[in-house]
Amino acid sequence: MSFSDKKLDEDNGGSVKKSKKKQKKQDTWRPEGPRDPFAMLDSLPEKKQQEIQKALHLFSLGPSLPKTLQQAKKHTYHFWDTQPVPKLGDSMTTHGQIVESEASVRMEPYSLPQGFSWDTLDLTSPTVLKELCTLLNDNYTEDDDNTIRSDFSLEYLQWTLKPPNWLAQWHCGVRVDTNKKLVGFIAAVPADVCIYDTEKRMVQVKLLCVHKKLRLKRMTPVLIRELTRRVRQQDLCQAVYTAGIVLPTPLSSSRYWHRPLNPRKLMEINYPGLRQDMNLQRTLKVLRLPEMTKTPGLRPMAKEDVQGIHSLLQMNLCRFHLSPILSLVDVQHWLLPRENVIDTYVVEGDDGILTDVVSFYSVSSKVLNHPVHTNLRAAQLLYIVPTATNLVDLMEDTLVLAKAKGFDIFTALDVMDNKSFLEKHKFSISDKSLHYYLYNWMCPNMSPDKVGLVLPN
């Protein structure tokens with residue numbers, strides 16, 4: 001071998017060694033594990049995931065859905081413009097169905113994007129319920145600064161999704177074909193509703209949820225169409241639903257009001273909506289509640305109270321333009337107390353007759369990335385019907401009871417007669433609204449004090 005050949009081999013060998021060292025150095029910076037960006041995100045610590053999600057939330061990659069009527073007027077609703085709902089800006093003066101029922105109902109399910117399949121969820125299965133809990137808790141709602149997230153329980157889902165006459169085919173799920181992961185859900189439950197003077201059998205639509213990573217696949221319209229098809233198979237054409245965003249077209253719009261029960265904890269987690277002009281000591285003094293209730297005869301509801309409560313609700317709800325028509329079994333399902341789900345109290349007179357009723361349900365949330373607190377318990381007002389007790393006094397006792405049960409905050413909508421006690425009991429108005437909608441039904445709009453319907457959601 002000549003000197004030049006030897007030199008060439010040495011140079012090549014050195015080049016190979018250098019390239020190997022360079023490759024090794026690059027490999028040390030290359031993340032281990034799967035290269036799929038979603039899988040890489042899942043492999044990060046929870047705190048880092050939250051930081052990334054917060055950044056994506058603050059610097060949204062796409063247009064957000066409108067939360068006010070002014071924003072809605074500038075928004076194009078490609079899907080809802082094809083549906084039998086009133087158009088934004090229309091002034092409704094008549095009552096009735098928007099489109100007539102079709103003679104035949106589509107038999108085959110609507111097509112999903114490739115790689116996904118429909119699944120009718122069996123909510124009698126604890127395993128399936130846990131899957132649904134996981135989907136909702138990770139993807140259903142999150143506050144604006146990404147510090148509080150919904151925390152549904154199995155018991156709550158059984159209560160809200162399995163009322164009397166529920167149908168399994170109205171629990172629509174979407175799964176990934178490869179691993180069977182649940183990534184989408186929408187549900188309906190049967191409901192009899194009175195709209196002005198018209199009584200209609202319809203459904204309440206609940207818990208529409210699509211996995212965060214799939215929201216660009218336009219899966220929400222397909223979920224709505226498929227649920228509509230399944231409801232139509234039962235010869236039902238109308239639905240009632242609520243949303244925090246503006247869609248075509250709200251029948252009524254209400255606001256959330258909050259009353260702190262544990263102000264120290266709420267201040268420590270920087271709960272939105274608390275007054276910023278008061279320190280802790282001042283806040284505790286202003287929001288102090290009595291230690292005991294004051295109304296004689298106030299006690300938890302028992303099964304034997306169903307008939308009396310039913311009579312009280314019938315007498316009260318008929319005053320509103322939008323209200324549920326409840327049977328005895330409905331009252332038992334929705335109001336009979338269940339631990340960490342629903343609490344109901346009645347006032348029994350000396351003669352044994354029920355004179356008042358109040359109920360509230362539990363809304364639990366996870367507190368993210370806090371060194372001390374991990375959960376937040378909110379009590380949401382369902383119904384309050386006084387006939388012998390002053391409404392303001394009955395509500396004060398309700399706050400005392402909720403605080404004694406460990407709730408951190410009490411929430412109410414300004415529907416029914418609720419406005420008469422909200423400010424008196426130091427509720428503060430939230431920046432969040434809840435809009436009521438009817439599907440395939442038109443009627444004049446109504447103010448929130450004419451709404452007698454609350455949908456646990």
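**Figure 1. Helix H7 in the predicted model.** The expected span is 1.5 Å times one less than the number of residues. Helices (H or I, at least four residues) and strands (E, at least two) are DSSP runs numbered from the N terminus. Eleven of the 14 residues of H7 are buried, among them Met219, Pro221, Leu227 and Arg232. Buried means under 20% relative accessible area, exposed over 50%, and partly exposed in between (1.4 Å probe, protein chains only). This is a predicted model, in which local features need pLDDT of at least 70 and side-chain atom pairs pLDDT 80 or more, while totals for chains, interfaces and linings use all residues. Residues are numbered from 1 along each chain as its sequence is written, and side-chain values use heavy atoms, without hydrogens and water.

**Figure 2. Helix H12.** H12 (residues 391-404) has 14 residues and reaches 20 Å from its first C-alpha to its last. Eleven of its 14 residues are buried, including the acidic Glu396 and Asp397.

**Figure 3. Salt bridge between aspartate 408 and lysine 265.** A salt bridge is a side-chain nitrogen of Lys or Arg within 4 Å of a carboxyl oxygen of Asp or Glu. In this one, the N to O distance is 3.0 Å. Aspartate 408 belongs to the loop between H12 and strand S13 (409-413) and lysine 265 to helix H8 (residues 263-268), 143 residues apart. Aspartate 408 counts as buried because its relative accessibility is 4%; lysine 265, at 11%, also counts as buried.

Figure 4. Glutamate 348 and arginine 299 meet in a salt bridge of 2.8 Å, N to O. Glutamate 348 is in strand S10 (residues 342-348) and arginine 299 in strand S8 (residues 298-300), 49 residues apart. Aspartate 343 pairs with lysine 405, with closest N and O atoms 3.4 Å apart. Aspartate 343 lies in S10 and lysine 405 in the loop between H12 and S13, so this pair ties together parts 62 residues apart in sequence. Aspartate 343 is buried at 8% relative accessibility, whereas lysine 405 is partly exposed at 32%.

**Figure 5. Valine 205 in strand S5.** Strand S5 (residues 198-210) contains valine 205, which counts as buried at 19% relative accessibility.
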